[in-house]
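Here is a short walk through one structure. Have the sequence and the 3D view side by side as you read.

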Amino acid sequence: MKVPIFMITQCCKIHTRNIFRSQTRKMASPKQQLFKYLLILDFEATCDDTSPPVPQEIIEFPVIKVNTTTLETEGIFHTYVEPDFHPKLTPFCTQLTGIQRSQVDGQPHLTEILEKLFPAWLESQGLQDPENNWIFVTCGDWDLKKMLPSQCSYLQKKQAGYFEKWINIKKAFCDVTSKYPKGMMGMLAELQIAHTGRHHSGIDDCTNIAKIATELIRRGHIFKQTSYP
């Protein structure tokens with residue numbers, strides 16, 4: 001099954017992939033979910049092992065849209081992001097994320113993504129319709145509690161309100177298993193789900209987090225917002 005991926009600008013190279021249906025897919029839990037869609041989000045950002053860059057900047061912006069009834073992936077938004085302050089990536093950053101400078105050069109800056117490209121994708125997916133309620137899902141609170149607000153502060157830009165609500169999947173996992181996980185790899189192992197792709201590739205991490213989310217739904221979990229002001 002080929003999933004539509006939002007093509008944003010001619011200069012912006014969008015990572016394209018096919019997502020296939022699992023041959024052994026289980027039926028979704030009959031329990032009614034509070035949200036029609038989960039938007040799995042996992043930023044990658046500039047980093048270094050000795051002297052972290054200030055400000056730290058998002059360099060990969062991936063989102064996977066999951067239907068909580070069918071458990072299918074219905075859409076993908078994915079772009080690399082050109083940093084505003086530190087365009088040269090450190091060797092540590094490239095080694096960790098697999099992202100080369102050539103992949104971020106000439107790509108949209110975060111301001112354009114937040115003001116135009118991501119809202120346009122939401123509109124194309126019907127996610128501006130109040131009936132199609134949704135919420136972000138992240139692995140931890142860092143992405144939306146720290147990373148995005150910090151960079152928006154440096155850019156002197158107010159972020160959209162929908163970035164202030166999310167579900168920390170670690171807390172959902174703990175609700176189901178009574179074990180608080182260290183990270184994504186531990187959750188996959190505990191749920192006996194095979195890891196796919198490259199760890200710390202944003203789009204691959206989103207794919208794996210989506211598999212965790214759908215498995216938790218199969219086990220009867222009802223996703224609830226975990227972030228509050």
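Predicted model: local features only at pLDDT ≥ 70, side-chain atom pairs only at ≥ 80, totals over all residues.

Which elements supply at least two residues each? They are β2 (44-45), α1 (91-97), α4 (142-155) and α7 (202-218). Helix α1 gives the most, with three residues.

Turn next to the charged side chains. The count comes to six salt bridges. One of them joins D105 and R101, at 3.4 Å from N to O. Buried or exposed? The cut-offs are under 20% relative accessible area for buried and over 50% for exposed, with partly exposed in between. D105 has 32% relative accessibility, so D105 counts as partly exposed. R101 has a relative accessible area of 39%, so R101 is partly exposed.

Another salt bridge links E115 and K157, and their closest N and O atoms are 3.4 Å apart. E115 lies in helix α3 (residues 110-124), and K157 lies in the loop between α4 and β6 (166-168), so this pair ties together parts that are 42 residues apart in sequence. E115 counts as partly exposed because its relative accessibility is 47%.

Look now at R219 and E215. Their side chains meet in a salt bridge at 2.8 Å, N to O. R219 is partly exposed, with a relative accessible area of 44%. E215 counts as buried, at 9% relative accessibility.

Aromatic rings come next. A pair of aromatic rings is described by the distance of the centres and the angle of the planes. The structure holds 15 aromatic pairs. In one of them, the rings of F118 and F136 have centres 6.2 Å apart and planes at 25°, so the pair is stacked. F118 lies in helix α3 and F136 in strand β5 (residues 134-138), so the pair ties together parts that are 18 residues apart in sequence. Both F118 and F136 are buried.

F136 also pairs with Y162. Their ring centres are 6.5 Å apart and their planes lie at 50°, so this pair is tilted. F136 is in strand β5 and Y162 is in the loop between α4 and β6, so the pair ties together parts that are 26 residues apart in sequence. Which of the two is buried, and which is partly exposed? F136 counts as buried, at 0% relative accessibility. Y162 counts as partly exposed, at 22%.

Step back to the whole group. F43, F61, F77, F118, W121, W134, F136, Y162 and F163 form one aromatic cluster.

The charged end of K65 sits over the ring of Y37, 4.4 Å from the ring centre.

Terms used:
Residues numbered from 1 in each chain as written. Heavy atoms only, no water. Helix = DSSP H or I, 4+ residues; strand = E, 2+ residues; numbered from the N terminus. Salt bridge = Lys/Arg side-chain N within 4 Å of Asp/Glu carboxyl O. Buried < 20%, exposed > 50% of the residue type's maximum accessible area, 1.4 Å probe, protein only. Phe/Tyr/Trp six-rings, centres within 6.5 Å; stacked < 30°, edge-to-face > 60°. Lys NZ or Arg CZ within 6 Å of the ring centre and 35° of its normal.
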